[in-house]
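The sequence and the structure are shown first.

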Amino acid sequence: MGFFKNLFNNKQEPEFDLEKAVGAYLLKLPRCNKDVVIVDPKYGDTHYTCKIKVAAADLLPWAEDHAANVCSSDKEEQAARKALPLWLRGAQSSIDSASFLPHLMYEVLKVHILDFVRNGTAKTFCLECQSIVADVQIEKINKKGGGDWAWWTDVWKCPQGHQLYYQEHELRLHVHR
Ligand SMILES: [Zn+2]
């Protein structure tokens, strides 16, 4: 019986329906508030020792552009990328508190955090000063290297000198001779 069952059920895997996945993903989320937390110790990224939030309305143009132009091979992540502008567009601007990003949206957004700090849309909060940092000092220090090797450290500080971000980088170019 098993043989026949397999034979007649030999349908192909249904194609991944991105639109459906986006809808299902959005249904599971609480509505977005006025602001969105993009950096917080809660997200578990130990390079940051600060909190950063952006107004949903300020994040929206970037999210629309990003969803239209970037595609990832990870289907779940792509659904989150497409869902992000829809979620932000539905933000309740009257609710003056910040929403946390669900995991996949954070994955989509995290490599762009520096852009939001640089272009001034992000509000960075120093955990030491317990206040908003108007002017985040972004530095590249300990630059070393030569030829096919480079090493540096990215550091962000508040005007009081408290560290907000720290990451060491090492880059090796494998040149075939
Ligand atoms: Zn500080």
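## The contact of α3 with α4

In this predicted model, residues A56, L59, L60, A63, E64, H66 and A67 of helix α3 meet R81, K82, L84, P85, L88 and R89 of helix α4. By class, the contact of α3 with α4 holds eight nonpolar residues, one polar residue and four charged residues.

Two packed helices are described by the angle between their axes and the distance between the axes. For α3 and α4, the axes come within 8 Å and cross at roughly 150°. Angles over 145 degrees count as roughly antiparallel, and α3 and α4 are therefore roughly antiparallel to each other. Their crossing is left-handed.

## The contact of α2 with α4

Helix α4, which spans residues 75–89, also packs against helix α2, residues 18–28. The angle in this case is about 60°, and the axes lie 8 Å apart. The crossing of α2 and α4 is right-handed.

On the α2 side, the contact is made by L18, A21, V22, Y25 and L26. On the α4 side, the residues are K75, Q78, A79, A80, K82, A83, L86 and W87. Sorted by class, the contact of α2 with α4 has ten nonpolar residues, one polar residue and two charged residues. K82 of α4 takes part in the contact with α2 and is also listed in the contact with α3.

## The five-stranded sheet

Five strands form an open sheet, and their order is β3-β1-β2-β4-β5. The pairing in this sheet is mixed. Strands β3 (98–100) and β5 (131–133) are the edge strands, each pairing on one side only. From one strand to the next, the twist averages 40°.

Within this sheet, strand β2 (residues 50–55) and strand β4 (residues 122–126) pair in the antiparallel sense over five bridges. I52 has T124 in β4 as its bridge partner. Helix α3, residues 56–69, lies across β1 and β2 and runs at about 80° to β2.

## The three-stranded sheet

A further open sheet has three strands in the order β6-β7-β8, with antiparallel pairing. Its edge strands are β6 and β8, each of which pairs on one side only. Here the twist averages 10° from one strand to the next.

Strand β6 (residues 137–146) pairs with strand β7 (residues 149–157) over eight bridges. Across this pairing, K144 stands opposite W151 in β7, and G146 stands opposite W149 in β7. The hairpin of β6 and β7 has two residues between the strands, and in this hairpin G147 takes a positive phi near 65°.

The bridge partner of W156 is Y165 in β8. The hairpin of β7 and β8 has five residues between the strands, and G161 takes a positive phi near 90° there.

## Confidence of the prediction

The mean pLDDT of the protein chain is 91, and 91% of its residues reach 70 or more. Which elements have the lowest and the highest mean pLDDT? Helix α1 (residues 2–8) has the lowest, with a mean of 54. Strand β1 (residues 35–39) has the highest, with a mean of 98.

Notes
Residues numbered from 1 in each chain as written. Predicted model: local features only at pLDDT ≥ 70, side-chain atom pairs only at ≥ 80, totals over all residues. Pairing = 2+ DSSP bridges. Helix = DSSP H or I, 4+ residues; strand = E, 2+ residues; numbered from the N terminus. Axes fitted to C-alpha atoms, helices over the stretch in contact; angles between N-to-C directions. Left-handed = near helix turned anticlockwise from the far one by under 90°. Contact = placed C-beta atoms within 7 Å. Nonpolar A, V, L, I, M, F, W, Y, C, P; charged D, E, K, R; others polar. pLDDT = per-residue confidence, 0-100. Parallel < 35°, antiparallel > 145°, perpendicular 65-115°, else oblique.
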